[in-house]
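Please look over the sequence and the structure shown here before reading on.

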Amino acid sequence: MPPRPYRKEKLGHIIHEVLAEYLARNFSADGALVTITDVQMEKDALHANVKVGIIPFEKAPEVWKELEDRKGEFEHMLLKKMRARVVPHLSFVIDNPGAL
């Protein structure tokens, strides 16, 4: 049974809210401001691309590495908060507005 059309958007919105709140309270990036700018769900709703804004941009590589290292922790936290059977696998992408 294919996922309902609004399910991906709802999941993306929930992931955005939960991760943004968690990063604001529990994630220190040593002088960098880290925000979630967008969450895009894949067609199968099993993968989520999380766009992350980082200021100053020079700290982006080390912040991205820290996010990737803690990906399992974030997925576990989402599993508990969402009370879902399956949580999408997260992929972090640096959102660089200067590259537009």
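## Pairing of the strands

Leucine 33 has isoleucine 55 of strand S2 as its bridge partner, in a model that is predicted. That pair belongs to the antiparallel arrangement of strand S1, residues 33-41, and strand S2, residues 47-55, which are joined by eight bridges.

S2 also pairs with strand S3, residues 89-94, but here the two strands run in the parallel sense, and six bridges connect them. Within this second pairing, histidine 47 has histidine 89 of S3 as its bridge partner.

## The loops and their backbone angles

The hairpin of S1 and S2 has five residues between its strands, and among them alanine 45 takes a positive phi near 65°, although alanine 45 is not a glycine. With a relative accessible area of 5%, alanine 45 is buried, because residues under 20% are placed in that class.

Aspartate 30, found in the loop between helix H1 (7-26) and S1, is another residue other than glycine with a positive phi, in this case near 50°. Is aspartate 30 buried or exposed? Its relative accessibility is 61%, so aspartate 30 counts as exposed, the cut-off for that class being over 50%.

## The chain as a whole

Taken together, the secondary structure amounts to three helices and three strands, and along the sequence these elements follow the order α-β-β-α-α-β. The radius of gyration is 14 Å, close to the 13 Å that the globule rule gives for 100 residues, so the chain is as compact as a globular protein of that length. Along the principal axes, the C-alpha atoms fill a box of roughly 45 × 30 × 20 Å.

Of the contacts between residues at least 6 apart in sequence, 59% join residues that are at least 24 apart.

## Surface and charge

Buried residues account for 33% of the 100 residues in the chain. The accessible surface comes to about 6,800 Å², and carbon and sulfur atoms contribute 54% of that area. As for charge, the chain carries 15 positive and 15 negative side chains, and the centres of these two sets lie 9 Å apart.

Definitions and conventions:
Residues are numbered from 1 along each chain as its sequence is written. This is a predicted model: local features need pLDDT of at least 70, side-chain atom pairs count only at pLDDT 80 or more; totals for chains, interfaces and linings use all residues. Side-chain values use heavy atoms; hydrogens and water are left out. Helices (H or I, at least four residues) and strands (E, at least two) are DSSP runs, numbered from the N terminus. The radius of gyration is taken over C-alpha atoms; the globule rule is 2.2 Å times the number of residues to the power 0.38. Buried means under 20% relative accessible area, exposed over 50%, partly exposed in between (1.4 Å probe, protein chains only). Contact means heavy atoms within 4.5 Å. Accessible areas come from the Shrake-Rupley method with a 1.4 Å probe; for residues, only the protein chains shown count as cover. Lys and Arg count as positive and Asp and Glu as negative; His and the chain ends are not counted. The place of a charge is taken as NZ of Lys, CZ of Arg, CG of Asp or CD of Glu. Two strands pair if DSSP finds at least two bridges between them.
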